[in-house]
Amino acid sequence: MTKATALAHPNIALVKYWGKRDQRLNLPASASLSLTLAGMETRTSVEFDEALEGDLVELNGVLLTHAHNLQRVTAFLDRVREMSGRRRFARVQTHNNFPTSAGLASSASAFAALALAASAAADLELSASELSVLARLGSGSAARSIFGGFAEMKVGHRPDGQDSFAVGLADEAHWDLRCLVAITAHGEKAIGSTDGMLQTMSSSPYYDPWIAHVPGDIEAARQAIAARDFEALGVVAERSCLRMHASALAADPGILYWNPTTVRLIHGVRLARAQGLPVFFTIDAGPHVKVFCPANERAACETILRDVEGVLDVLSTRPGPGAHLLDERL
Ligand code: 2P0
């Protein structure tokens, strides 16, 4: 095979990843736990072609020219070439059906789809954990999008990162939840996750305490998922989110991903919960708010979110499958 197309969904972390123990290999400083979300997706085709004199990467029909982004993809393809012993350059076409670089986990679905499409096009037959290791080299959170449903990213201990991959905890049929994504701004975020994380690690006095609390949160989240205990999952998810942001806020200079609408949504979710609606929020490295509820409360929850001043749109997502190959051409 020289060409393959893969589809991957982003994932939302319920226990956040925010810190690395190795920047070159993208090894996390702590474990994380996520839900893969259908409703947002990345489709990527990769074709190795001996006629090419360099990698060509298209995002949503536009050729990537920004050196940093292009280099991130080329370095990733270099790794696939190294693993497969092939030298051809690749034509990569990728489409997101949701905003890119806006705090909606586009790098997770992007590198999960790219890992699968590129390895298949290069005839590498990788296990799910090997694919997860490969995806991690592109973006830490991408390792989790290889799996459907709930996934846990293992922190791993080996310096080479071979034990730092995600595992599936429960597939997308385990729990019929909805995750509503309240969009609060247009455009790309001011500071990317990778830079935000590095700045937190190097200057936040709250970074070490943040990392120290993650193992307890992972255990609590695992138990809540196994028992389908919505309230317990909400407690750990909000706690993990707020502690991650607290560590970033305490960096020097402080990193603030939220806008006024983000804060209004936090209050709105807490008020709705106090009034009896089962609902909790989480927020990634951006201003949007992801709100979880049981499937039968989706409409009520969406109405509340749309009523919050400044909310531009609400996307509805649900547990989705892991990265998979598609037969069709893009
Ligand atoms: C997460 N985030 O666990 C956390 C919460 C954002 C906030 O994983 O540097 O884009 O590529 O490994 O994966 C975003 O980090 O960072 C992220 P890199 P990535 O979902």
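Student: By class, how many nonpolar, polar and charged residues does the shell around the ligand have?

Tutor: Keep in mind that this is a predicted model. The shell comprises 18 residues, and Tyr17, Lys20, Gly140, Ser141 and Thr194 are the closest. Sorted by class, they come out as six nonpolar, seven polar and five charged.

Student: Where does the ligand lie relative to domain 1 and domain 2?

Tutor: Look at who contributes to the shell. Domain 1 covers 3-172 and domain 2 covers 177-319, and both give residues to it. Because of that, the ligand lies between them.

Student: Which helix gives the largest share of the shell around the ligand?

Tutor: Go by the residues each element contributes. The largest share is three residues, and they come from the helix spanning residues 193-203. That's H5.

Student: How much of the ligand's accessible area does the protein cover?

Tutor: Start with the polar side chains around the ligand's oxygen atoms. An N or O atom in the Arg72 side chain sits 3.0 Å from a ligand oxygen, Ser139 has a polar side-chain atom 2.7 Å from one, and for Ser141 the distance is 2.6 Å. On its own the ligand has 460 Å² of accessible area, and the protein covers 94% of that.

Student: Moving on to the second largest pocket, which helix gives the most to its lining?

Tutor: That pocket has a volume of about 150 Å³, and its lining includes Leu25, Arg79, Met83, Glu130 and Asp160. Helix H1 (67-84) and helix H3 (128-138) each supply at least two lining residues. With five residues, the top contributor is H3.

Student: And how does that lining divide into nonpolar, polar and charged?

Tutor: Among the lining residues are Leu126, Val133, Leu134, Arg136, Leu137 and Gln162. The lining of the second largest pocket splits into six nonpolar, one polar and four charged.

Student: What is phi of Asn60?

Tutor: Most residues other than glycine have a negative phi. Asn60 is in the loop between strand S7 (56-59) and strand S8 (62-63). Its phi is positive, near 50°.

How values were computed. Residues numbered from 1 in each chain as written. Predicted model: local features only at pLDDT ≥ 70, side-chain atom pairs only at ≥ 80, totals over all residues. Heavy atoms only, no water. 1 Å grid on protein atoms, 1.4 Å probe; cavity = no way out; pocket = protein on both sides within 12 Å on 5 of 7 lines; lining within 4 Å. Points joined across faces, edges and corners; volume = space filled by probe spheres on them. Helix = DSSP H or I, 4+ residues; strand = E, 2+ residues; numbered from the N terminus. Nonpolar A, V, L, I, M, F, W, Y, C, P; charged D, E, K, R; others polar. Near = heavy atom within 4 Å. Polar contact = N/O pair within 3.5 Å; in protein donor to acceptor, adjacent residues only side chain to side chain. Areas by Shrake-Rupley, 256 points an atom, 1.4 Å probe, with all protein chains shown as cover. Domains from an automatic or database assignment.
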